[in-house]
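Visitor: Could you take me through one part of this model, the place where the domains meet? I'd like a close look, in plain words.

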Amino acid sequence: MAQTGQVADRLTRESGETVELVKVTTAGDRSTASLASLGGTGVFAAALREALLAGECDIVVHSLKDLPTAPLPGLVVAATPKRADARDALCARGGFTLETLPVGARVGTGSPRRRAQLLSRRPDLETLDIRGNVDTRLGRVSSGDLDAVVLAAAGLERLGRLDAATQLLELSEWPTAPGQGALALEVRAGEEQLVAALDHPATRLIVETERGVLARLEAGCAAPVGVTAMLDGGLLFASARVYSLDGSGVLTSSHALYPADSPEPAEELARRIADELLAAGAAEFAPLGG
């Protein structure tokens with residue numbers, strides 16, 4: 001709701017029109033089961049898309065990392081606003097960082113990727129599956145129930161809670177979910193002009209690259225896969241890591257190209273990376289195909 005309100009404010013400024021917020025409760029909101037058991041992909045998107053197709057709303061604001069990579073007939077992602085911070089944040093009691101957390105510390109996360117990354121760096125940690133909104137998760141740290149939680153920095157920032165982060169985990173060592181920190185504005189096909197003014201082409205190219213890796217791996221948003229893409233000096237660079245669920249192993253692939261040298265730069269770069277990971281055994285290494 002916070003990020004949707006921010007998009008509505010921008011649309012009002014751009015168009016001068018009043019924007020009404022329509023609240024939709026999704027399966028991901030209602031269930032307290034783990035994201036992995038729910039299937040991950042689409043649990044926060046399906047009800048929103050149904051509302052859009054039914055004409056109950058005209059624009060849907062998705063957290064891009066929660067949006068399935070396969071398009072839905074009749075709908076189109078018409079704009080990707082400029083991306084916020086793509087990093088994960090550790091929010092720990094006592095100002096602890098990942099390196100200084102006590103041995104055996106209890107860390108909460110609902111993400112198989114984050115769990116694998118935690119165990120890859122700190123196999124002594126006890127990871128616990130948690131659900132709930134940001135305040136609920138942070139409350140479990142302040143109450144002493146958990147020593148730390150891992151959350152998206154962008155979400156904390158949008159809610160004005162970034163001060164709860166004791167460490168921002170750098171993307172070079174801790175790649176996050178494809179599209180994390182970015183929003184997707186989805187509309188019915190033919191109504192792209194509703195949000196066209198909010199599109200940020202550089203962000204779109206970057207996140208299409210990241211999500212292209214996920215799609216080619218046939219992995220859902222609950223898979224233990226981290227992907228980071230960036231534009232630097234005109235060069236499009238991307239790196240992806242596939243983790244075993246227990247964090248005991250990781251496969252990495254990195255490639256770069258100049259967008260002007262390819263008719264479909266995001267697709268080509270994603271293909272190079274995903275094919276290399278699959279050739280290295282990613283499909284047997286981690287649970288993909290979901």
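Guide: Domain bounds here come from an automatic or database domain assignment. On that basis the chain splits into domain 1 (1-84 + 178-285) and domain 2 (88-168). Bear in mind that this is a predicted model, where local features need pLDDT of at least 70, side-chain atom pairs count only at pLDDT 80 or more, and totals for chains, interfaces and linings use all residues. Residues are numbered from 1 along each chain as its sequence is written, and side-chain values use heavy atoms, with hydrogens and water left out.

The C-alpha centres of domain 1 and domain 2 sit 23 Å apart. Contact (heavy atoms within 4.5 Å) draws in 26 residues from domain 1 and 16 residues from domain 2. Together the domains bury about 1,600 Å², with 54% of it on carbon and sulfur atoms; buried area is the accessible area (1.4 Å probe) that two parts lose on being put together, summed over both. On the domain 1 side, Gln180, Tyr243 and Leu245 supply 28% of the area buried against domain 2, more than any other three residues.

What about salt bridges across the interface of domain 1 and domain 2? The rule, a side-chain nitrogen of Lys or Arg within 4 Å of a carboxyl oxygen of Asp or Glu, finds zero there. By class, the side of domain 1 that touches domain 2 has 14 nonpolar, eleven polar and one charged residues, where Ala, Val, Leu, Ile, Met, Phe, Trp, Tyr, Cys and Pro count as nonpolar, Asp, Glu, Lys and Arg as charged, and the others, Gly among them, as polar.
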